[in-house]
Amino acid sequence: MNFNGKAAFVTGAARGIGKAIAIGFAKKGADVIISDILEEPLLQTAKEIEAFGVKVKAIVLDITDEAAVRQAIYESVRAFGQIQILVNNAGIYILNDFLETTSAEWKRAFDVNVFGTMYATHAILPHMIENGYGRIVNIGSVAGVYGINYFVDYSATKGAIISFTKALAKAVTDKGINVNCISPGSIVDPTVNNTTSYTDFCFKERAGTPEEIANAVLFAASDEASYMSGQNILVDGCRKKM
Ligand SMILES: NC(=O)c1ccc[n+]([C@@H]2O[C@H](COP(=O)([O-])OP(=O)(O)OC[C@H]3O[C@@H](n4cnc5c(N)ncnc54)[C@H](O)[C@@H]3O)[C@@H](O)[C@H]2O)c1
């Protein structure tokens, strides 16, 4: 896979899976626009990307701020000329008992995970349609497919993202735009305090790495995935139970 001459916009790229995706694109020659609410780690990611000799732009952005998302995409298109790839990775998840949660928490989960994905997609689509080319990769979760009892509101948001992917793919399939979703299982970034217990979920006796998710995202964003759209691909080390 080669991304020379392409530019990718990645949300939630300060750390974890989003950071691995952004670095993965840079390693394969893409220019990268990275965004996140966390400024310091975002700038650190930008520094690491610069080492690959590609163009990088870091934007401090709250994905729930629709106007700011539109402005960030507009400015990025102006700066890069063309953006071929959007990865909607920014997301939040909180371990909880559904009965202990509040409607404010459900709304926040939907604001970040679902509406954030929709804002960025809605903002970039006219640009992709004009160019007759686009690759949109959403990040779902096994939670959105099977449901996880201690991630009830989160599971609902990820189910919405998967349905959004399938419907949007059909709506733009004749415009040269592919839309897919990558659904990770338990993924641990050792630099982030991640306490998810994973061995119950996968046959592999280890959690996945952010890079293993990035590999699947890069494929979905590549020209090699030209005949793949509207798919939700699980990257979960082979699910044992949920
Ligand atoms: N880690 C896992 O086991 C796992 C499993 C399934 C799905 N996922 C999904 O993968 C994606 C990345 O998760 P991760 O594990 O790397 O998590 P993470 O918390 O390490 O990274 C998420 C990033 O999104 C950013 N973010 C959060 N709210 C934001 C907002 N309002 N605006 C902009 N950026 C915001 C965070 O600052 C952070 O940098 C998420 O969508 C998550 O739901 C993760």
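Trainee: Where is Val 77 found?
Mentor: Val 77 is found in helix 3, and helix 3 covers residues 66-80. Helices (H or I, at least four residues) and strands (E, at least two) are DSSP runs, numbered from the N terminus. This is a predicted model, in which local features need pLDDT of at least 70 and side-chain atom pairs count only at pLDDT 80 or more, while totals for chains, interfaces and linings use all residues. Residues are numbered from 1 along each chain as its sequence is written.

Trainee: Why is Val 77 called buried?
Mentor: Let's set the count against the rule. A residue is buried if 20 or more other C-beta atoms, placed from the backbone, lie within 10 Å of its own, exposed if 12 or fewer, and partly exposed in between. Val 77 has 20 C-beta neighbours inside 10 Å, so it counts as buried.

Trainee: Which residues does Val 77 touch, not counting residues up to four places away in sequence?
Mentor: With that exclusion, Val 77 touches Ile 83 and His 127. Contact here is a matter of C-beta atoms, placed from the backbone, lying within 7 Å. Ala 7 is 70 residues from Val 77 along the chain, and their C-alpha atoms are separated by 9.5 Å.

Trainee: How do you know that helix 3 and helix 4 pack, and at what angle?
Mentor: Their axes are 9 Å apart and the angle is about 35°. Axes are lines fitted to C-alpha atoms, for helices over the stretch in contact, and angles run from 0 to 180 degrees between N-to-C directions. Helix 3 brings Glu 66, Val 69, Arg 70, Ile 73 and Val 77 to the contact, and helix 4 brings Tyr 119, Ala 120, Ala 123, Ile 124 and His 127. By class, this contact has seven nonpolar residues, one polar and two charged.

Trainee: What makes a residue nonpolar, polar or charged?
Mentor: Ala, Val, Leu, Ile, Met, Phe, Trp, Tyr, Cys and Pro count as nonpolar, Asp, Glu, Lys and Arg as charged, and the others, Gly among them, as polar.

Trainee: Why are helix 4 and helix 6 called roughly parallel?
Mentor: Helix 4 (residues 103-131) and helix 6 (residues 152-172) have axes 9 Å apart and an angle of about 20°. Angles under 35 degrees count as roughly parallel, over 145 as roughly antiparallel, 65 to 115 as roughly perpendicular and the rest as oblique. Helix 4 and helix 6 are therefore roughly parallel to each other. Helix 4 passes helix 6 in a right-handed crossing. Among the residues in this contact are Trp 106 and Phe 110 of helix 4, and Tyr 154 and Phe 164 of helix 6. The classes are 10 nonpolar, four polar and three charged residues.

Trainee: What makes helix 1 roughly parallel to helix 2?
Mentor: The axes of helix 1 and helix 2 (residues 39-50) come within 9 Å and cross at roughly 20°. That angle is what makes helix 1 roughly parallel to helix 2. Lys 19, Ala 22, Ile 23 and Ala 26 of helix 1 meet Thr 45, Glu 48 and Ile 49 of helix 2.

Trainee: How do you know whether Ala 20 is buried or exposed?
Mentor: Ala 20 sits in helix 1, and it counts as buried because it has 25 C-beta neighbours inside 10 Å. Leaving out residues up to four places away in sequence, Ala 20 touches Pro 210, Glu 211, Ile 213 and Ala 214.

Trainee: Which residues come nearest to the ligand?
Mentor: Of the 28 residues around the ligand, Gly 12, Gly 16, Ile 17, Ile 63 and Gly 91 come nearest. Being near means that the C-beta atom, placed from the backbone, lies within 6 Å. Helix 1 (residues 16-27) gives the most to this shell, with three residues. The shell divides into 14 nonpolar, 10 polar and four charged residues.

Technical notes:
Contact = placed C-beta atoms within 7 Å. Left-handed = near helix turned anticlockwise from the far one by under 90°.
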